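Me: Could you take a close look at one part of this model, the packing of its helices, and explain which residues make it up?

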Amino acid sequence: MTVREVLRAHTATHGNASAETKGEGGHASSVASAATVAAGRAAQELGIRRAEFELAVHLGLIDVLGAPGGGRPRVPEGEIARLREQPGFPDALVERVRTVGTAQGAALLDIAPARFTRLARAGCVSPVTFYLNRYRAVVWLYLADELAAFVAREPELLAGRTPPGMRTMLESGADWRARNWRSQRIDRLLDRTTDPWARTAVQASALDPVQLAEVVDDPYERAYLVRVRPEPVFGRPGSMAAREAMAELMLADDPDEILWRRVNLTLELDRAREDRPAPRPGDDGGAPATAPARTGARPRAGRPAPAAEPAAPLAPPPCAGAPRSAAGGRTAGRGLLARLGWRGRGAG
């Protein structure tokens, strides 16, 4: 498939998607919860593979209901009917969750695999998931649909010389793939809950125990964050190696990113404390953990505004070659940073 064909397919797919989106505002509230089916049965009825089904849920394309006792999510029959009525079903749905690796992605964009890797490392394209190969190395996968959007958005990056700012960043060893995967995963989890403590727990998941304790100094609050933390609808990868890789990839590993996560955690924690206190030993049942009755599709209303971004402690990747200014992030929001006790890694 050539770049031109990719662009045509992307335009056609999003033409259908925009028509679909017009009806999404009401479908979350209109799905009947009385009749549901198991995820495996839903995937069969939708004519898609189980991996495609789970990715569609993760992306918010399929609405599922969490079991009251914490069991496996189930799919309302009305949701299956809604999806089957979509234009181009099931091919349009399959295309929206189609993933490709580096070689396939490079072929899709009609560029060399080495150039594709540089674009990914520079943060121009973001992985949506990963798997471990036989050597237990992380292999990133990208949404084909998002690669088509990148072609339409930044065609000049597919040929010619790499922009100077991007080249400097890559020569320094920077790699935005894990960071972008973390960011998208956190954003999707945040979009599925309005509960302040659950949102705080999502932000906390990107910090290691030492960083977390510096921001959340109350051990009862930290224990509560573990209890209410939302997980991906279908849990973590099954194998021990995959779980270990997931745990490692989840943690912010750059001072700039750590600072940004600490700032967001602090803001969410303030909202959570205003909403209700974390339960203490001896409390009568404690503050109830809000278990989301509906997951997969994102809440359309009533969600608190996202944490306001300070003057860019975590700037976007310099995809177009503009060098990032580290000074702006270090000087912004000094009152909040002082509260965080942030001195920066390597600051002595």
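Helix packing

Reply: The buried residues of helix 14 pack against helix 12 (196–204) and helix 16 (255–275), where buried means under 20% relative accessible area, exposed over 50% and partly exposed in between, with a 1.4 Å probe and protein chains only, and contact means heavy atoms within 4.5 Å. Helices are DSSP runs of H or I of at least four residues, numbered from the N terminus. The model is predicted, so local features need pLDDT of at least 70 and side-chain atom pairs pLDDT 80 or more, whereas totals for chains, interfaces and linings use all residues. Residues are numbered from 1 along each chain as its sequence is written, and side-chain values use heavy atoms, without hydrogens or water.

In helix 14 (residues 219–228), the buried residues are E221, Y224, L225 and V228. Seen down the helix axis, these buried residues fall within an arc of 105°, so they line one face of helix 14; the arc is that of the directions from the helix axis to the C-beta atoms. On the other side of helix 14, V226 and R227 are exposed.

Elsewhere, helix 7 and helix 8 pack at about 100°, with their axes 8 Å apart (lines fitted to C-alpha atoms over the stretch in contact, with angles from 0 to 180 degrees between N-to-C directions). That angle makes helix 7 roughly perpendicular to helix 8, a term covering 65 to 115 degrees, with under 35 roughly parallel, over 145 roughly antiparallel and the rest oblique. Helix 7 contributes T102, G105, A106 and L109 to the contact, and helix 8 contributes P113, F116 and T117.

Note on methods
Helix = DSSP H or I, 4+ residues; strand = E, 2+ residues; numbered from the N terminus.
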